[in-house]
Amino acid sequence: MLQAISLSKNYGAYCALNQLNLTVKAGEVFCLLGQNGAGKTTTINLFLGFIEPSAGQILIDGKELDAHDHERRKHLAYIPEVVMLYGNLSAIENLDYFSKLAGFNYGTKSLTDFLTQCGLQESAHHKHLSGFSKGMRQKVGIAIALAKNAKIILMDEPTSGLDPKATAEFTQLVKQLAAEGKSILMATHDIFNAVNVGSHIGIMKQGELIHTLKASEISANDLQELYLQTI
Ligand SMILES: Nc1ncnc2c1ncn2[C@@H]1O[C@H](COP(=O)(O)OP(=O)(O)OP(=O)(O)O)[C@@H](O)[C@H]1O
């Protein structure tokens, strides 16, 4: 479980995030919506420890862990808008590289299992990443998160630029991760996708979480209307 308690980030006099309270339990997908500059990436970067909070706490499974804590890093995986991989290596070689570099402990499974789970079994060994579509690269990002065995996955606009089929495939994988008990926090601009994949939806405005909703209790049309009224 991932929690932010009164989490704030100031840049000088400018408040990018103001007293955010947010909980993502195991099996939940929390989708963050908001205009450009609303504070979505700031939130994710704070959780990841890329930036230090000005105030507030970050808890994992109820325990306050700071950005330098090995345990916090171990529990988190990150899928950005563009997953950075080595184009001159195959998917399995990329996975092997990151796994060895970070010392992933994935138990009895093999790296091929993770790529297979992401539907990449055909191209895992034979094709260099430079020949992968963006959708395939994002799936490799999920395979890396699986190999890391992270219980919390932070995603920053992971389906941006994907075609509808690739988005649907990625979304299906996110649902599987949630069903396995991962806690997922995803920043997105895609309202339809947020309703489809999210268990919870948060609307941010000027560094504040204005609304938190259960996805099952709102349609995409109503969410769009609320979003447009809010921002
Ligand atoms: N290093 C920084 N110094 C000063 N201001 C910053 C810095 N990083 C972010 N900001 C500001 O903080 C605010 C929140 O930015 P953030 O990137 O979190 O927004 P976002 O909701 O992710 O937007 P987008 O949808 O464009 O990715 C913006 O006004 C941004 O300009």
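Guide: The dialogue below takes up the annotated domain, the sheets, the helices and the ligand shell. Please keep in mind that the model is predicted.

Visitor: Which feature does UniProt place at residues 2-231?

Guide: The UniProt record, an unreviewed entry, gives "domain: ABC transporter" for that stretch.

Visitor: How many bridges join strand 1 to strand 4?

Guide: Strand 1 (residues 2-11) and strand 4 (residues 55-60) run antiparallel and are joined by five bridges. Within this pair, Ile 5 stands opposite Gln 57, and Ser 8 stands opposite Ala 55.

Visitor: What is the strand order in the open sheet of six strands?

Guide: The order is 6-7-8-3-9-10, and the pairing is mixed. Strand 6 (76-79) and strand 10 (208-214) are the edge strands; each has a single partner strand, so one side of each is without a neighbour in the sheet. On average, neighbouring strands of this sheet are turned by 20 degrees against each other, direction ignored. Strand 3 (residues 29-34) and strand 9 (residues 200-205) run parallel and share five bridges. Gly 34 has Met 204 in strand 9 as its bridge partner.

Visitor: Which helices lie across strands of this sheet?

Guide: Helix 5 lies across strand 6 and strand 7 (152-156), at about 175 degrees to strand 6. Helix 8 (residues 220-230) lies across strand 3, strand 9 and strand 10, at about 20 degrees to strand 9.

Visitor: At what angle do the axes of helix 5 and helix 6 cross?

Guide: One reads such a pair from its crossing angle, and angles under 35 degrees count as roughly parallel. The axes of helix 5 (residues 134-148) and helix 6 (residues 164-179) come within 10 Å and cross at roughly 10 degrees; the two helices are therefore roughly parallel to each other. In the contact, Gly 135, Gln 138, Lys 139 and Ile 142 of helix 5 meet Ala 166, Glu 169, Phe 170 and Leu 173 of helix 6. By class, four residues of this contact are nonpolar, two polar and two charged.

Visitor: Which residues surround the ligand?

Guide: A shell is read by its members and by the elements that supply them. Around the ligand are Tyr 11, Tyr 14, Ala 16, Gly 34, Asn 36, Gly 37, Ala 38, Gly 39, Lys 40, Thr 41 and Thr 42. Strand 2 (14-24) and helix 1 (40-48) are the elements that give two or more residues to this shell, and helix 1 gives the most, with three. The shell divides into four nonpolar, six polar and one charged residue.

Note on methods
Residues are numbered from 1 along each chain as its sequence is written. This is a predicted model: local features need pLDDT of at least 70, side-chain atom pairs count only at pLDDT 80 or more; totals for chains, interfaces and linings use all residues. Two strands pair if DSSP finds at least two bridges between them. Helices (H or I, at least four residues) and strands (E, at least two) are DSSP runs, numbered from the N terminus. A residue is near a molecule or strand if its C-beta atom, placed from the backbone, lies within 6 Å of it. Ala, Val, Leu, Ile, Met, Phe, Trp, Tyr, Cys and Pro count as nonpolar, Asp, Glu, Lys and Arg as charged, and the others, Gly among them, as polar. Axes are lines fitted to C-alpha atoms, for helices over the stretch in contact, and angles run from 0 to 180 degrees between N-to-C directions. Angles under 35 degrees count as roughly parallel, over 145 as roughly antiparallel, 65 to 115 as roughly perpendicular and the rest as oblique. Two residues are in contact if their C-beta atoms, placed from the backbone, lie within 7 Å. UniProt positions are given in the numbering used here, feature names are shortened, and annotations may be inferred rather than shown by experiment.
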